[in-house]
Amino acid sequence: MPIPHDQPRATDRRVRVQGEPVDSWPALPPEAERGSVRRITVVGEEILNRPCREVTEFGTAELSALVDDMFLTMWVADGAGLAANQVGVDLRLFVYDCPDDYGIRHVGHLVNPVLDQPDAGHRRLIDDFEGCLSVPGAAMAVPRTDRAVVRGFDKDGAPLVIEGTGYFARCLQHETDHLLGHTYLDRLSKRDRRDALRQMDDRCADVLAQRQVKAAGLGR
């Protein structure tokens, strides 16, 4: 999911890492420093259209490496969130580095996430523009709830509860959708979906070129 711009400010701007505030955090997260860039899958590829498998083994070197690679891949693509099936891995895992509507940065990962749906009486849907790293160059208005709570685990198996509002809530819902085999295109009308795919056709080459330039700048 791409990063938005022009977020309003809040008094407390401490970064939240795995839901906990910290005084500072590097622009390039430590996970990304250790990672390698992977190819991002594109809408139409089969792995994006089916539910991902539960992670059953925690604390493994393979899972840690996947998290690291996903952070760097997300950073190179100027993303705010990235799901494992977006790098061709059939596992219930996503990473995020996303601002909320107050400009507070949220950084972390979630394994086997489950989205808590708000009660109908407390549900407020917001239409706002949304993009996807697997639909490069396109953005469409998508209705999402303005708050989200996602429960899951970190890569070592410790339980996590991550809460988000505004754009960060949108990110949490977007990435959880990916792990269920859905992209935001599935939430659009047929007409809007065609519009999004036309946008992708027009802009995809430029977006991919920008990613290549940023990856080359890593000097690895």
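Student: Where does H4 bend, and by how many degrees?
Tutor: Helix H4 bends at Arg203, by about 55 degrees. The bend at a residue is the angle between two fitted axes, one for the seven residues ending there and one for the seven starting there. Helices (H or I, at least four residues) and strands (E, at least two) are DSSP runs, numbered from the N terminus. This is a predicted model, in which local features need pLDDT of at least 70 and side-chain atom pairs count only at pLDDT 80 or more, while totals for chains, interfaces and linings use all residues. Residues are numbered from 1 along each chain as its sequence is written, and side-chain values use heavy atoms, with hydrogens and water left out.

Student: What does H4 reach from its first C-alpha to its last?
Tutor: H4 covers residues 190–216, which is 27 residues, and reaches 37 Å, close to the 39 Å expected at 1.5 Å a residue. The expected span is 1.5 Å times one less than the number of residues in the helix.

Student: Which residues of H4 are buried, and what do they pack against?
Tutor: The buried residues of H4 are Ala196, Gln199, Met200, Cys204, Val207 and Arg211. Buried means under 20% relative accessible area, exposed over 50%, and partly exposed in between (1.4 Å probe, protein chains only). These residues pack against H2 and E7; contact here means heavy atoms within 4.5 Å.

Student: Turning to the largest nonpolar core, which residues touch the most other members?
Tutor: Leu66, Met70, Phe71, Leu82, Leu93 and Val95 do, in a core of 25 residues. A nonpolar core is a set of buried Ala, Val, Leu, Ile, Met, Phe, Trp, Tyr and Cys residues joined through side-chain atoms within 4.5 Å.

Student: Which elements give two or more residues to this core?
Tutor: They are strand E1 (15–17), helix H2 (61–76), strand E4 (93–99) and strand E5 (105–116). H2 gives the most, with eight residues.

Student: What does Phe71 touch?
Tutor: Not counting residues up to four places away in sequence, Phe71 touches Pro29, Glu31, Ala32, Val95, Tyr96, Val107, Gly108 and His109. Apart from this core lies another, of 18 residues, including Cys52, Val150, Cys171 and Leu179.

Student: How many disulfides are there?
Tutor: The count comes to zero, a disulfide being a pair of cysteine sulfur atoms within 2.5 Å. For Cys171, the nearest cysteine sulfur is that of Cys98, 4.1 Å away. Cys171 is buried, with a relative accessible area of 0%. For Cys204, the nearest cysteine sulfur is that of Cys132, 12 Å away. Cys204 counts as buried because its relative accessible area is 18%.

Student: How many salt bridges does the structure hold?
Tutor: The structure holds 19, where a salt bridge is a side-chain nitrogen of Lys or Arg within 4 Å of a carboxyl oxygen of Asp or Glu. One of them joins Asp12 and Arg16, at 3.5 Å from N to O. Asp12 is partly exposed, with a relative accessible area of 29%, whereas Arg16 is buried at 18%.

Student: Which parts of the chain does the pair of Asp68 and Arg34 link?
Tutor: The closest N and O atoms of Asp68 and Arg34 are 3.1 Å apart in their salt bridge. This pair links distant parts of the chain, with Asp68 in helix H2 and Arg34 in helix H1 (residues 30–34), 34 residues apart.

Student: With which residue does Arg144 form a salt bridge?
Tutor: Arg144 pairs with Asp177, and their closest N and O atoms are 3.0 Å apart. Arg144 lies in strand E7 (residues 139–145) and Asp177 in helix H3 (residues 166–179), 33 residues apart. Both residues are buried. A network of salt bridges links Glu130, Arg144, Arg170, Asp177 and Arg187.

Student: Back to H2: where is Asp69, and what does Asp69 touch?
Tutor: Asp69 is in helix H2 and is buried, with a relative accessible area of 11%. Asp69 touches Gly35, Ser36 and Arg38, not counting residues up to four places away in sequence.

Student: And with what is Thr176 in contact?
Tutor: Thr176, in helix H3, is in contact with Phe94, Leu115 and Val150, leaving aside its neighbours within four places in sequence. Thr176 is buried, at 4% relative accessibility.
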